[in-house]
Each structure stands twice: as C-alpha cells, then as structure tokens.
Amino acid sequence: MKLTTLLTSAAMALGLATAAVAADKTKVGFVYVGPVGDGGWTYEHDQGRKAVVAEFGDAVETVYVENVAEGPDAERVMTQMALEGADLIFTTSFGYMDPTINVAKKFPNVKFEHATGYKRADNVSTYSARFYEGRAVQGTIAGNMTESNIVGYIGSYPIPEVIRGINSAYIHAKKVNPDVQFKIVWAFTWFDPAKEADAAKVLIEQGADVILQHTDSTAPQAAAQAAGNVITFGQASDMSEYGPSPRVSSIIDNWAPYYVARTQAVMDGTWASTDTWDGIGAGMVGIGEISDAVPADVKEAALALKASLADGSYHAFTGPLNKQDGSVWLADGETSDDGTLAGMNFFVEGIEGDIPQ
Amino acid sequence: MIRLEKRPQPSRAWSLATPLVAVLATMLFGGVLFAVLGKDPVEAIRTIFWEPLFGEFSFYYRPQLLIKGAPLVLIAIGLSLGFKAGIWNIGAEGQYIMGAIVGAAVGLAFYPYEAWYIFPLMVIGGALGGWAWAMIPAVLKVRFGTNEILVSLMLVYVAEQLLASASLRFLKNPEGFGFPGSRNLQSYESAFNADLIEGSGMHWGVVAALIAVIFAYILLNRHMLGFHIRLTGEAPRAARFAGVNPSRLILLCLGMSGALAGLAGLFEVSGPAGQISIDFNVGYGFTAIIVAFLGRLHPVGILLAGGLMALTYIGGDIAQSNLGLPSAAIQVFQGMLLFFLLALDLLTNYRVTLRTSEVA
C-alpha cells in the first residue's frame, strides 16, 4: 500500500474514533521554531496558544513542540500531530512552508495555518501581520528624537518582510526630519544576542542615537543602555524591562485574536482557506506604550498616525514615492497594492546602500 | 576506601557493556528528571523508546528513524576513521553544508533539463564539496602543523555564511517572490533523492550509510590502511617505526570523513529537506561526534548508536507533543546519555577496588 493511502486511512480511522470518543474536544497543534521562552517571536505565538486555552477551556486541547528545525523534522512533527488527531495545526515559521504543504496533502481533513508564507491549499491558510504599520509609528518617533540625524537599523535577512519595515520606518522618519539618515547592518540571523549586540555597538559608534531592530533578542537594548543617550524599540515582544529608556516603545505581535477566531471557525465548521494580512486595525500589530522619554507632542503625533493606520484613513505607503534609483514607484496620493508589498525587493529613494542580493 | 586501579589491559567485557549501562542509567536519571517536572516517568520513557518503534503509528515513525539516522551514521563512520588515528575532525557540520551546496548547485545547473545522469553527478559533487572543505584543515596541518580541531571547527562558521549567501544569492529560487531559499529539488525529478520504495524511508542516503558501515568494517579489519589507522591511534611511535606516513594518513582520514559528510549533506538536500535554505543545517555534523563515540568508534556500534540517537529525537518530539515535556528536558536527556557513556568509560580502563588503606 502506498504511504499516502496508508496515512489517509489511518487518519480517517482515527478521525472516526476521536469523533466517537470526544466529539466536542477540538485538538489544536502548534509547531514552534524557537523555545517558548525566547522573549520574542515564539513567546508571542505561545501567548496566542494560551489565549485559545483561556477562551475555550475544556472544549479544546492544545499541543506544541518547540525548537523544531525547518525541513524534514518539521514535516515529521506536523505528521505526528495530524496522526494523533489534531484538527487544526499552526506552523509558525516561514521555513515550514513546503513541509506544511506536503503534510496537508496527506491529511485533507486536517486544517493547517502557516505563518508568513505564500503557498496555500484547500486546507492550508496563510496569515501574517502588517508589521510595517508599526514601523511607520517607530519611524515617526525616531525621526523626531534623533539629534545626530543618524538612525541605526539592525536587519535580519534581506527578505521582503524586513525591507518593507526599513522602507516604512525611513519614509516616516524623513517626513518629520528631512535630514535623517539610515545606517543598516545585516545580521543574517533572527536570534543571536552576541551578533545583535555587536551590530548595535557598530551603529552607535557610527553616530546613531536611535536603534531599530528586526531581530528578536534584547541584546541591542542592553547595548544601547550601556552606551547611554540612545533609544530603542521592543521587537515582537514589548521588552518593557528596558523602559522607559532606552526602550521608548515597541511593536508587539498579537496572534491571540486570530488563533481564537480560527479555532472557533474549526469548531463551527466554517473554516475556509484564506490569506490573512492584518495590521494595527485588527489588533494583530500592537504598539507598546510610548514612554515618558518621548516628548508629549511627538507622542501625540505618533498616536495620531497609529489611529489613522488603524481606521484605514491612511496607508503607510502613500505616494509620491520614488524607488532608490529615482524611478517613480507611486504617484501623488496613490497607495501600494499588496502584491508589490508582499514581494518588496527595493529601497525607496533616499536610503543609502544596497540590498544584499 | 574506594580506589581506582589501572587495568593492565582495557576490559573487553566493560567495553561492550558500558553503552548498555549508560543507556540504562540515562533512563533511570532521565526518569527522575521527568518525575521532578511532574510527568509520569515510566510513560515518558515508554513514549521516547517504545512509541516510535512499536506504538500505534510506528508504521510512520519507523521510516522516519532511517531518515533521521542515516546522515548521523554516514558522518559518524567517516569521523570514526580519523578519531581512531587521533585525527580530530570537528567540522563535519561545515563539510555537510558544503556537500549540500555543491551537490544542489550541480543539480540546479541542469534545471529544468531531465536526464538520468544528473543525480549521479550531484552525488559526485556532494562528495567533492565535503572532501575539498576537509582538505583545508588537512593541508594546513600537513604543511604548517596547524591544529585541525580549530581549523575544521572554524570552517563550519565560514560554511554557514556561504550557505546564507547561496540561499540569498546564487542558488535563490527565481520564482520564490524574493524569499531566501533554492528551488525545491523534490519537485525536480532528475535531482530528487526519493524513497526507493515509497513510504519506506529508504532513500539513497540510507543505502550509502549501510555501504559505509560495511566498507569501514572491512577497511579496519582486513586492510593495511585500517591497520595503520588503528596503530597510529594506539601507538604513534610504533606506527612511525612500522613505516606509516603520518601526512598521508591525515590527508586520507580527513578526506574520507569530509567526503562522507558531504554525501550526507547532498542526500539530505536532495531528499528529505528538498532545498538549500539559510537554516538547512540542523547540527547533524556535531551530533555525529556523539554517535561516533557512543558507537565506540566501531562501524556496527555506530550503526546502532545512530539508530538510538534517531530514536531519542523522534521519541523526544512525540513526548513533547503528547506529554507536554519541554524540549530543554529532552536535550538534557540526550546530554545525559553522552555523559554517562564517557563517565562509565572509566570502567574499561580502571577497576574499582574496595580495600582498607595501607600503611606506607
């Protein structure tokens, strides 16, 4: 017998069995790329899982496996969860994309939710957050606060997600401070406290007095604290332990409402494959409290921008905007379509340096 | 008073028994650890060791054991040859990465052309990639007397940078919407290292691992080179008198372990993993060092040790999901295994005696 048929029949037999035994208990699995105690990305996904437990109590059973390497290990862990009777599985790293699609093919009755990817199927949804909206708010604060007019930016990998964040922060910093300059260091890691600290130190030595990071550890915060007179923003998680300064605000990933809604949909039988990309408005992107280190008028401007992004009256990428090479990207008043944003591979005009290609 | 007394000869009985005793001690102390964490220790141990082999879904887990164990065995066999001769290649992880990059690059160079000879060329590319990367510490050691432990280890980090570069630049999937990572070789038939019998987990990497075990066994027991390797490790001076050329041995041992690690990388990237990505390497090259010692540097022992490691990985993930054990506890459990093995190693060379202290 072929494995696929074997697996499907096993899954079906199991599906029948669980339907008989625990008809009302929905099993939800979570696959994590890091440890739940990382204080950033995985931590926030696990907060979402806990919210599902808090919301549905005994009606759900959640399981998770942490530190799952991308590739064959991820495929095995997902298969294992599906075999053990999971109804819904959240796979929370970009690198789980192909494994998710592979496993979903073998288990047509199990629903899958893949974070930050672009491949979907009848039983695979994708979801991500419009973090660039949060970057716009950061950029506004950064542009106002910098005295040296140099903003340091720790990039992780040169992928669309990160490039979008840099562009959004730069555009909004430039709006409030035409003299602002961005210095970008690529760390080529999501989580490596030593490398991140080095990157922060290099940027501070080059005169940056604001550090933005797209990496997940608190090491840049610590480096800024040691240097003094440098401000930072929490990434993925609030990182409020570094407030009120250097950490003056943060972007918080809030997956809880989405996880609760999708679990509910599976329970109601209304789950359908979708592509969700929510921002501040839907509550998927949160802005951590802006501390008193920020002057009242700057705080007010930042909150006003946040409100206009939330209600949809303003788009973070609104023309006139040119690409780095000077060619026109968006005409006056025009806003970017999601397709361009999803695959963004260029800097906007004014940013110096090249994207590593 | 407890005293340690050196044995005139290493005990053969203990040499065979210590791996088993180490596994039992790990189960015992691991069980205590799980109990302290508030989990049923018997259930946890059963989940880790029994579930993948004989549990309800073992039809799925057994093939996975082959997939997880094959690269470990393949790399460990290569490492054991060097370790026996006192040549310490710690950088198998880097050679594994280089094998994968070169092998995948050979395959992708032909894309989308289909031909039977593409996969064999990739295999050669993978072996050459790993071999060449291992030749750097080998040549530096032979020529300038550098320490191969440091050089091979540092080259792992260089290889990781090249891997990131390959995923972002020269092997990036042109249809990947700007995301890092190569094309998926699983959907390129000529380059796909598929299961030989579907669903069996038996891909070419597993076959290569088994061949490597047999090859190493014959080499060490029936061949002059194997004798030289053992002699150099056990009695370097005697080896020199016997006419062993140390430079040649260094080049051969590092070369073979590099080529085997490169092969493991190639079989992984073209099969289970499918693509070159920034986080392609998951530590097989380092875990293989544990496997090599757990298997007593003996080919058959390594085969069993690779299976055991694979079992704790797969069982550990099941225990995480089913029993809510944190992954850190599983890692401590695996660490215990090596610790007990090395600690009990003492009994092979020393005898514990109880006697009253003598008057000097």
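This is a predicted model: local features need pLDDT of at least 70, side-chain atom pairs count only at pLDDT 80 or more; totals for chains, interfaces and linings use all residues.

Author: A residue is counted here as buried if 20 or more other C-beta atoms lie within 10 Å of its own, as exposed if there are 12 or fewer, and as partly exposed in between. By that count, buried residues make up 49% of the 360 residues in chain B.

The overall form of chain B can be stated in a few numbers. Its secondary structure comes to 15 helices and 2 strands. The C-alpha atoms of chain B fill a box of roughly 80 × 60 × 35 Å along the principal axes. A compact globule of 360 residues would have a radius of gyration near 21 Å, and the 22 Å of chain B agrees with this. Of the contacts in chain B with a separation of 6 or more, 79% are between residues 24 or more positions apart.

Helix α7(B) shows the burial in detail. An α-helix has 3.6 residues a turn, so residues three or four places apart point the same way. The buried residues of α7(B) are Glu148(B), Ser152(B), Leu155(B), Val156(B), Ala159(B), Leu163(B), Ala164(B), Ala166(B), Ser167(B) and Leu168(B). Among the elements that cover them are α5 (92-110), α6 (118-144) and α11 (246-270) of chain B.

The loop between α7 and α8 (204-222) of chain B contains Gly199(B). Is Gly199(B) buried or partly exposed? Gly199(B) has 16 other C-beta atoms within 10 Å and is therefore partly exposed. From Gly199(B) to Leu354(B) the sequence runs 155 residues, and the two C-alpha atoms are 55 Å apart in space.

Chain B also touches chain A. The contact takes 30 residues from chain B and 34 residues from chain A. On the side of chain B, the elements that give two or more residues are α4 (58-84), α7 (148-170) and α13 (299-323). The largest share of that side, 6 residues, comes from α13(B). By class, the side of chain B that touches chain A has 16 nonpolar, 10 polar and 4 charged residues.

Strand β1 (residues 26-31) of chain A runs parallel to β3 (residues 88-91) of chain A and is joined to it by 4 bridges; Val28(A) stands opposite Leu88(A) in β3(A). Strand β4 (residues 111-115) of chain A also pairs with β3(A) in the parallel sense over 4 bridges, and His114(A) in β4(A) is the bridge partner of Thr91(A). Both faces of β3(A) are covered, with Leu88(A) and Phe90(A) buried on one side and Ile89(A) and Thr91(A) buried on the other.

The other open sheet of chain A has 6 strands in the order β7-β6-β8-β9-β10-β12, with mixed pairing. Its edge strands, β7 (181-186) and β12 (285-288) of chain A, each pair on one side only. From one strand to the next the twist averages 15°. Strand β10 (residues 247-253) of chain A pairs with β12(A) over 4 bridges in the antiparallel sense, and Ile252(A) stands opposite Gly286(A) in β12(A). Helix α5 (residues 131-145) of chain A packs on this sheet, touching β6, β8, β9, β10 and β12 of chain A, and its direction makes about 175° with that of β10(A).

Helices α3 (residues 72-83) and α4 (residues 97-106) of chain A pack at an angle of about 35°, their axes 9 Å apart, in a right-handed crossing. Ala74(A), Glu75(A), Met78(A), Thr79(A) and Ala82(A) in α3(A) meet Pro99(A), Thr100(A), Asn102(A) and Val103(A) in α4(A). By class, this contact has 5 nonpolar, 3 polar and 1 charged residues.

Conventions
Residues are numbered from 1 along each chain as its sequence is written. Chains are lettered from A and ligands numbered from 1 in the order in which they are written. Axes are lines fitted to C-alpha atoms, for helices over the stretch in contact, and angles run from 0 to 180 degrees between N-to-C directions. A crossing is left-handed if the near helix is turned anticlockwise from the far one by less than a right angle, and right-handed if clockwise. Two residues are in contact if their C-beta atoms, placed from the backbone, lie within 7 Å. Ala, Val, Leu, Ile, Met, Phe, Trp, Tyr, Cys and Pro count as nonpolar, Asp, Glu, Lys and Arg as charged, and the others, Gly among them, as polar. Two strands pair if DSSP finds at least two bridges between them. The radius of gyration is taken over C-alpha atoms; the globule rule is 2.2 Å times the number of residues to the power 0.38.
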